[in-house]
Amino acid sequence: MASRPRIVCIYISPGHNFYGRYGQAAGEHAAISVPQVECIASKGLIGDRFFDYKADYKGQITFFAWETYEELCRRFGVTDKNPGVFRRNVVTHGVDLNEWIGGEFEIQGVLFEGTQEASPCSWMNHAFCEGAEAAMKGHGGLRAKILTDGLLRVDAK
């Protein structure tokens, strides 16, 4: 297993802005930054739009790398957006999330199964900047199932 990642920030949202909205305007549900979130096995994150979405859902929680966010900001000169615009739940530092696709991993005592890349879509160009979707290919984050209940907290710096 890779080194222990640090949780930089956590986001939840009560509603969908992009998911299921192809050809429509983006929704207006805020990505809310929270200091901690409760993970419920096989269901998702308390308070998030995908909580208890459907049985065996592959995206009960999503992860995004702080390193990818920083690279995108540098590459495109973006200084006015936080990582919440990507609509991923947990922003990590210090781990290659792609290494966890197809395997189990643990963060802060909670066990997860990495299911697939959280593939970027055209909405990334709208939410972050033009060109973001292409730049994120292979670095869109990680979708995962929650295998055990527990609490995730933003790590102190």
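**Strand β5 and its partners**

I looked up the pairing of β5 and β9 and found three bridges joining the two strands, which run antiparallel. I count strands as paired if DSSP finds at least two bridges between them. Strands (E, at least two residues) and helices (H or I, at least four) are DSSP runs, numbered from the N terminus. In this pairing T62 stands opposite R143 of β9.

I note here that the model is predicted: local features need pLDDT of at least 70, side-chain atom pairs count only at pLDDT 80 or more, and totals for chains, interfaces and linings use all residues. Residues are numbered from 1 along each chain as its sequence is written, and side-chain values use heavy atoms, with hydrogens and water left out.

I then checked β6 (residues 90-93), which pairs with β5 in the parallel sense over three bridges. F63 stands opposite V90 there. Between β5 and β6 the chain passes through helix α1 (residues 66-76), and this β-α-β crossover is right-handed; that is, with the strands pointing away from the viewer, the path from the first strand over the helix to the second runs clockwise.

**Burial of β5**

I looked up burial, with buried meaning under 20% relative accessible area, exposed over 50% and partly exposed in between (1.4 Å probe, protein chains only). Five of the five residues of β5 are buried, so the strand is largely enclosed by the rest of the structure. I61, F63 and A65 cover one side, and T62 and F64 the other.

**Cores**

I took a nonpolar core as a set of buried Ala, Val, Leu, Ile, Met, Phe, Trp, Tyr and Cys residues joined through side-chain atoms within 4.5 Å. The largest has 22 residues, of which C39, I61, F63, F105, I107, F112 and L152 touch the most other members. Elements giving two or more residues to this core include β1 (6-12), β3 (36-40) and β5 (61-65). A second, separate core of 15 residues includes F64, V85, A127 and M136.

**Aromatic pairs**

I searched the whole structure and found ten aromatic pairs. Rings of Phe, Tyr and Trp (its six-membered ring) pair if their centres lie within 6.5 Å; planes under 30 degrees apart count as stacked, over 60 as edge-to-face and the rest as tilted. The ring centres of F63 and F105 are 5.6 Å apart and the planes lie at 70°, so this pair is edge-to-face. F63 is in β5 and F105 in β7, so the pair ties together parts 42 residues apart in sequence. I logged W100 and F105 as stacked, at 4.0 Å centre to centre and 10° between the planes. Both W100 and F105 are buried. F63, W100, F105 and F112 form one aromatic cluster.
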